[in-house]
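Have the model open while you read.

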Amino acid sequence: MTQLRACATVPDESCGGRLDEYLKAHRVSRRALATATGLDLRTVSAICTGKRSGNMATWMRIARALRCSIDDILEG
């Protein structure tokens, strides 16, 4: 199992960097993501910097707001 697959199954701190890269590639700000998901901006920032991992429900909210799958975010 690769790190991406492990990350997609159980999000951990390393997933945040991938989310941050996804946001930059798609020109979505952390603030816009926070607004779209209803998450606090501090929470989104903490996930993007790896200080928090978020649970699957949070990742599902993020993917739904970005109109993609969790795998799309984590696999680039």
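1. Helices here are DSSP runs (H or I) of at least four residues, numbered from the N terminus.

2. A word on the source: this is a predicted model, where local features need pLDDT of at least 70 and side-chain atom pairs count only at pLDDT 80 or more, while totals for chains, interfaces and linings use all residues. Residues are numbered from 1 along each chain as its sequence is written, and side-chain values use heavy atoms, leaving out hydrogens and water.

3. Who touches whom? Arg-30, Arg-31, Leu-33 and Ala-34 of helix 3 meet Leu-41, Val-44, Ser-45 and Cys-48 of helix 4 (contact means heavy atoms within 4.5 Å).

4. Now look at Asp-20, which belongs to helix 2 (residues 13-25). Asp-20 is buried, at 14% relative accessible area (buried means under 20%, using a 1.4 Å probe and protein chains only). Leaving aside residues up to four places away in sequence, Asp-20 touches Arg-30 and Cys-48.

5. Back on helix 4, the buried residues are Thr-43, Val-44, Ala-46, Ile-47 and Cys-48. Asp-40 caps the N-terminal end of helix 4, with a side-chain oxygen 2.8 Å from the backbone nitrogen of Arg-42. Just after helix 4, Gly-50 has a positive phi of about 85°.

Note on methods:
Helices (H or I, at least four residues) and strands (E, at least two) are DSSP runs, numbered from the N terminus. Buried means under 20% relative accessible area, exposed over 50%, partly exposed in between (1.4 Å probe, protein chains only). A polar contact is a pair of N or O atoms within 3.5 Å; within protein, one must be able to donate a hydrogen and the other to accept it, and residues adjacent in sequence count only if both atoms are side-chain atoms.
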